[in-house]
Amino acid sequence: MDESASREELLSELEKLRERVRELEDAEQGRIEAEEARARSENFLRTVIEKAPFGIALAEGTPDHWTITISNREGDRINGIEPGSLIGLGMDGDESVNAHKLTFEMMELDRTTWPPPKAPLPQAMREGIPTRNAKMLIRREDGSEVTILANAAPIVDDQGNRVAAVATHVDITEIEQREDERRRLISILEGTSDLVSTSTTDAQLHYLNRAGRQMLGWDEDRTLEGIMIPDLHPQWAFEKIRDEGIPEALEKEIWEGETAIIGPDGEDVPVSQVILGHRDARGELYFLSTIMRDITERKQNEQELQRHR
């Protein structure tokens, strides 16, 4: 082999080596970019979890040996604990791990305490039992209570092995308080002897209390679908409500006057009526409410007095 051939062969091998180096460099660059992308994705996921407007907790391990590895700030707030306090809490067989971290109680709405192994996250992790929209109470260390909507689900790997579980808690305390207030209000409205009703802005009847149904001669289970305000009144009374009552209620927030409703036998029943116009935060009409009191006896007494004059 002459010197020229040896040189060509050496250059060829050198070029192959350079190509291999470039391949390795490209592979390394690809690995670095993949790791950076994965790190960005993990950081983004951690941020999403931390900023979520509901509590999130993640347990990892096996059904018999697991610990909580993620707990976000909203979950810690709901439980009334310092951020990150749940991390490390778990189970080792039948024994609790770091049980001192559990400074709050989970209870049924009747305040029956749930043993920690029966809580949604342990049930999902240990038994594979999911929890769906369970209302429950959290009693914090300071004695305050929070109503939550709890969900939990097991997580399995490709082989079907249970390797994790996730739980979410939504604080519905304010919603439940508003619902309690609504129930108390309805209890009051259903107990009064006056007719009380609400209607939409297009005159569709939305609510009518028990006394109102009795005054109209309606069954208690009669649906209000399709019933309009004019259906309750004789024509002259509705025209007065339409032309005087509602406009003044919208302008001055309240109107008082005497009208009538259609009684059980189709007769006019005289009533003293109050109409209220309710507006939303933007000042737009939201709904109308009215209270009506049967003044038949008063009208009869007035007529009797007129006859004796």
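Helices (H or I, at least four residues) and strands (E, at least two) are DSSP runs, numbered from the N terminus. The model is predicted: local features need pLDDT of at least 70, side-chain atom pairs count only at pLDDT 80 or more, and totals for chains, interfaces and linings use all residues. Residues are numbered from 1 along each chain as its sequence is written, and side-chain values use heavy atoms, with hydrogens and water left out.

1. Positive phi at Glu253. Glu253 sits in the loop between H6 and strand S11 (254-262). Its phi is positive, about 75°, although Glu253 is not a glycine. With a relative accessible area of 57%, Glu253 is exposed (buried means under 20% relative accessible area, exposed over 50%, partly exposed in between, with a 1.4 Å probe and protein chains only).

2. Positive phi at Arg111. A positive phi, near 70°, is also found at Arg111, a residue other than glycine. Arg111 belongs to the loop between S5 and H3, and its relative accessibility of 44% makes it partly exposed. For background, most residues other than glycine have a negative phi.

3. Main core. The largest nonpolar core contains 24 residues, and Met106, Leu121, Ile138 and Ile148 have the most contacts inside it. At least two residues of this core come from each of strand S1 (55-61), strand S2 (65-71), helix H3 (120-127), strand S6 (131-139), strand S7 (145-156) and strand S8 (162-171). S7 supplies the largest share, four residues. Another core, of 13 residues, lies apart from it and includes Leu205, Leu208, Leu216 and Val269. A nonpolar core is here a set of buried Ala, Val, Leu, Ile, Met, Phe, Trp, Tyr and Cys residues joined through side-chain atoms within 4.5 Å.

4. Surroundings of Met106. Neighbours within four places in sequence aside, Met106 is in contact (heavy atoms within 4.5 Å) with Thr112, Thr113, Trp114, Ala119, Pro120, Met136, Leu137, Ile138, Ile148 and His169. Ile138 and Ile148, among these partners, are also listed with Met106 as residues with the most contacts inside the largest core.

5. Largest pocket. The volume of the largest pocket is about 430 Å³. Its lining has 30 residues, with Leu89, Leu102, Phe104, Met106 and Ala119 nearest the centre. Two or more lining residues come from each of S1, S2, H2, strand S3 (90-92), strand S5 (105-107), H3 and S8. The lining divides into 20 nonpolar, nine polar and one charged residues. In this classification Ala, Val, Leu, Ile, Met, Phe, Trp, Tyr, Cys and Pro count as nonpolar, Asp, Glu, Lys and Arg as charged, and the others, Gly among them, as polar.

6. On a 1 Å grid over the protein atoms alone, a cavity is a set of points where a 1.4 Å probe fits but cannot get out; a pocket is an open set with protein on both sides within 12 Å along at least five of seven lines, and lining residues have an atom within 4 Å of a point. Grid points are joined across faces, edges and corners, and a volume is the space filled by probe spheres set on the points.

7. Second largest pocket. This pocket holds about 240 Å³ of space. Its lining consists of Arg182, Leu185, Ile186, Leu189, Val196, Ser197, Thr198, Tyr207 and Ser289. Helix H4 (173-191) and strand S9 (195-199) are the elements that give two or more residues to it, and H4 gives the most, with four. By class there are five nonpolar, three polar and one charged residues.

8. Cavity. The structure has one cavity of 30 Å³ or more. The largest cavity has a volume of about 130 Å³ and a lining of 15 residues, of which Ser197, Ser199, Ile229, Gln273 and Thr290 lie nearest its centre. S9, helix H6 (235-252), strand S12 (268-279) and strand S13 (285-294) each contribute at least two lining residues; S13 gives the most, four. Eight of the lining residues are nonpolar, seven polar and none charged. Ser197 also lines the second largest pocket.

9. Buried Glu74. Glu74 lies in helix H2 (residues 73-79) and is buried, at 17% relative accessible area. Beyond neighbours within four places in sequence, Glu74 is in contact with Ala52, Pro53, Phe54, Gly55 and Asp171.
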